[in-house]
Amino acid sequence: MEWNEVLVQRLDAPLRAWFAEQSLWEGIVIEPVWQETRKEFEGELTLVLFGLAKVAGVKPDLLSGMLGPLWSSLTLENGEPLIRSANQVGGFLNLGLSLAYWRQRWAKGYSLSNQSFDPVQGNAECGIRSKIVLEYSSPNTNKPLHLGHVRNHLLGDSMYRILSCLGHEIIRVQVINDRGIHICKSMLAWQKFGEGSDPMGSNMKGDHFVGEYYVLYEKAYQAQVKERIASGLTREEAESSAPILQEARTMLQQWEQGDETVVNLWKKMNAWVYEGFEATYERLGIGFDRNYYESQTYLLGKNLVEQGLAQGVFRRDDQGAVWADLQDIGLDSKILLRSDGTSVYITQDLGTAEQRQKDWGFDRMIYTVADEQNYHFKVLFAILGKLGFDWASRCHHLSYGMVDLPSGTMKSREGKVVDADDLINEVQALAEAKMVESEKLQAIAAEERRELALQIGLAALKFYILKVDPAKRMTFNPEDSLDMHGHTGPFVQYAHARIASMLARVPVQEKALAESWTLDQGRSWLPAELDLIRQFSQFEPSVNLAAEQYNPAHVADFAYGLATAFNRFYHDCPVLQESQVETRKFRIALCNQTRLLLHDSLDLLGIKAPNRM
RNA sequence: GAUCCCGUAGCUCAAUGGAUAGAGCAACUGCCUUCUAAGCAGUAGGUUACUGGUUCGACCCCAGUCGGGAUCACCA
């Protein structure tokens with residue numbers, strides 16, 4: 001309901017006060033509903049009258065008439081009027097804010113780098129200026145990163161940027177799943193088929209190299225399964241008894257026992273993978289403050305189970321397995337230790353959470369993990385709560401939907417995946433091809449052009465993914481993701497580049513003058529000008545909403561809306577060619593402010609804002 | 001079987017319980033001698049899966065039906 005500060009401080013409170021003063025409605029408390037005025041009506045803010053009229057027992061028309069004097073009585077600190085116009089349309093009262101208001105509001109500046117950026121405090125859970133552990137990425141080390149990881153990376157990175165700009169201290173972490181049967185499969189295949197080769201010699205990225213062996217393992221395994229089915233076994237028997245799987249299991253045991261040969265091979269192959277991952281992260285522009293390795297954390301959590309047993313919140317069954325009973329909160333019972341005393345996945349997660357609390361003393365923790373694990377996190381947080389950790393209620397699962405291809409679900413087993421590196425190369429190549437085509441950028445040096453192409457290609461990719469509500473499953477259409485027209489990242493970048501190139505022509509003295517623009521000049525603002533100014537005021541609310549809902553799409557929406565408003569302005573209003581000096585100054589100031597906000601909002605999405613394109 | 005999520009234009013996505021459900025892509029029509037046409041302006045496209053209910057008002061809340069996905073392992 002907090003559309004922005006103007007509501008809360010300048011309209012909502014006076015309205016409530018006015019209402020309370022009317023003897024007619026003694027004791028009646030109102031909940032005004034405000035919203036942005038729809039484009040086709042005069043005004044910027046709308047008060048919805050239906051509810052108020054009902055509570056007050058009068059018709060909207062009458063209420064609207066009664067409110068007239070209130071609006072004209074509202075003034076700014078300097079005595080200038082706050083409200084420019086008030087029009088009732090049906091059950092809606094559309095208020096236009098005075099130019100004086102907009103000027104004063106704008107004078108504070110809208111920008112992240114501006115000291116006055118002081119977001120409205122979010123909901124209680126969000127708190128302000130808290131220390132937050134933010135987990136994202138968390139790959140397995142047996143194969144390269146794919147599109148699913150990319151959605152995760154982009155969401156995590158953008159939330160990092162958004163929460164940081166609101167003053168939170170963010171610790172970015174990833175869990176690297178570096179141990180387990182999956183990596184043993186790659187290791188085994190390399191031993192069998194690798195003949196001592198390495199990524200360098202094969203001219204491959206390390207993660208792709210290791211991934212190849214995972215695929216080779218799967219092929220060999222499938223062949224064995226087929227063979228065994230042919231010799232009379234059921235599929236299930238054949239699958240569980242295939243010799244190569246047995247070998248992989250043996251290798252895992254050897255690893256757990258610290259077998260030197262196996263551990264060395266494991267270290268070598270993981271190192272290859274990390275090198276590959278780093279390269280991908282680097283190109284995507286994302287990073288981490290701390291890596292947690294599963295090989296170092298997978299034994300954590302057992303002490304917590306003991307603690308829980310002692311507290312009486314867990315129970316041990318006849319076979320010796322330990323359970324957390326969650327039926328009181330509508331969940332099932334969850335096993336925490338097998339009857340042989342070994343731990344399961346969630347045991348490790350409990351331990352890791354505690355470890356992070358010890359490491360960082362965080363106020364909040366966010367896990368960026370796909371929605372197939374919704375239930376898992378419900379259970380995890382519930383158990384942490386039962387163990388008595390007060391921070392359990394401040395853990396949040398940033399859940400996001402799977403990425404589908406137009407042909408259906410991605411299936412890594414069947415090789416139906418979009419590889420992250422391929423994808424990045426593709427968007428870059430397309431952007432570069434487009435630049436070569438265009439006359440504008442022919443003179444640019446090849447190296448610079450490649451870098452610019454990467455910035456533009458990534459803008460297309462990132463915006464395409466981030467503009468979708470994380471909670472929703474999305475379809476990734478490769479063709480659409482490469483689009484650079486319309487509702488896309490390059491569209492926003494383009495508006496920024498246009499401004500940059502225009503401002504580069506403004507003489508330095510005039511730039512300084514433009515900072516002290518006035519705009520009275522005896523005329524009102526043109527629609528395109530006012531639209532831009534309205535858009536500016538949406539920046540802070542958008543960022544806050546994105547933070548509260550863990551949804552960068554609100555920032556993407558803002559960036560797109562601002563770019564659209566600017567393009568209209570650019571089309572309708574001359575800037576450098578405007579002869580009237582005050583108007584020219586004012587428009588330069590508008591451009592400058594727009595440029596700052598386009599830059600900032602793109603930055604929050606992890607997108608670069610080049611000065612030319 | 002139980003629980004959870006989703007269903008909006010041909011396609012991809014928007015829409016704190018509020019106005020005539022909005023954008024982009026694709027299609028069609030205009031606009032580069034003018035600050036970058038990766039742009040602007042316009043046309044066309046909808047029984048918001050279906051049936052009821054609550055409400056002054058429902059894409060949104062409730063119940064049910066149909067369709068899609070996920071989860072519920074002494075797997076990770």
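A residue is near a strand if one of its heavy atoms lies within 4 Å of it. Of the atoms of RNA strand B that come within 4 Å of the protein, 61% belong to sugar and phosphate. This is a predicted model, in which local features need pLDDT of at least 70, side-chain atom pairs count only at pLDDT 80 or more, and totals for chains, interfaces and linings use all residues. Residues are numbered from 1 along each chain as its sequence is written, chains are lettered from A and ligands numbered from 1 in the order in which they are written, and side-chain values use heavy atoms, with hydrogens and water left out.

The surface near RNA strand B draws on both strands and helices. Strands S1 (33–36), S2 (45–48), S4 (92–97) and S15 (474–475) each supply at least two of its residues. So do helices H2 (49–56), H16 (420–437), H19 (489–503) and H23 (553–572). Helices (H or I, at least four residues) and strands (E, at least two) are DSSP runs, numbered from the N terminus. By type, the residues of this surface divide into 28 nonpolar, 15 polar and 18 charged. Here Ala, Val, Leu, Ile, Met, Phe, Trp, Tyr, Cys and Pro count as nonpolar, Asp, Glu, Lys and Arg as charged, and the others, Gly among them, as polar.

## Polar contacts to the RNA

Gly 486 has a backbone N or O atom 3.0 Å from a phosphate oxygen. Cys 573 meets a base: one of its polar backbone atoms is 2.9 Å from a base nitrogen. A polar contact is a pair of N or O atoms within 3.5 Å.

## Chain A overall

Chain A has 24 helices and 15 strands. Its C-alpha trace spans about 90 × 70 × 45 Å along the principal axes. Of its 613 residues, 53% are buried. Buried means under 20% relative accessible area, exposed over 50%, partly exposed in between (1.4 Å probe, protein chains only). Among contacts between residues at least 6 apart in sequence, 74% join residues at least 24 apart. Contact means heavy atoms within 4.5 Å.

## Helices H6 and H8

How do H6 and H8 cross? The axes of H6 (residues 181–193) and H8 (residues 206–230) come within 8 Å and cross at roughly 85 degrees. The two helices are therefore roughly perpendicular to each other, a label for angles of 65 to 115 degrees. Axes are lines fitted to C-alpha atoms, for helices over the stretch in contact, and angles run from 0 to 180 degrees between N-to-C directions.

Residues of H6 in the contact include Ile 183, Leu 188, Trp 190 and Phe 193. On the H8 side they include Phe 209, Tyr 213, Leu 216 and Tyr 217. The residues of this contact divide into 12 nonpolar, 2 polar and 2 charged.

Helix H22 (residues 539–549) has 8 of its 11 residues buried, so it is largely enclosed by the rest of the structure. Among the buried ones are Phe 539, Glu 540, Val 543 and Asn 544. Their cover includes H5, H21 (527–536), H23 and H24 (581–604).

Tyr 550 lies in the loop between H22 and H23. Its phi is near 55 degrees, a positive value in a residue other than glycine. Tyr 550 counts as buried, at 4% relative accessibility.

## The loop between S5 and H5

This loop, between strand S5 (131–135) and helix H5 (147–165), holds Pro 144. Pro 144 is buried at 16% relative accessibility. Not counting residues up to four places away in sequence, Pro 144 touches His 149, Asp 207, His 208, Gly 211, Phe 277 and Asp 419.

Ser 137 is found in the loop between S5 and H5. Phi of Ser 137 is near 75 degrees, a positive value in a residue other than glycine. Ser 137 is buried, with a relative accessible area of 5%.

## Arg 356

Arg 356 is found in helix H14 (residues 345–360). Is this arginine buried or exposed? At 0% relative accessibility, Arg 356 counts as buried. Leaving aside neighbours within four places in sequence, its contacts include Glu 135, Val 173, Tyr 292, Phe 362 and Tyr 367.

Conventions:
Angles under 35 degrees count as roughly parallel, over 145 as roughly antiparallel, 65 to 115 as roughly perpendicular and the rest as oblique. A polar contact is a pair of N or O atoms within 3.5 Å; within protein, one must be able to donate a hydrogen and the other to accept it, and residues adjacent in sequence count only if both atoms are side-chain atoms.
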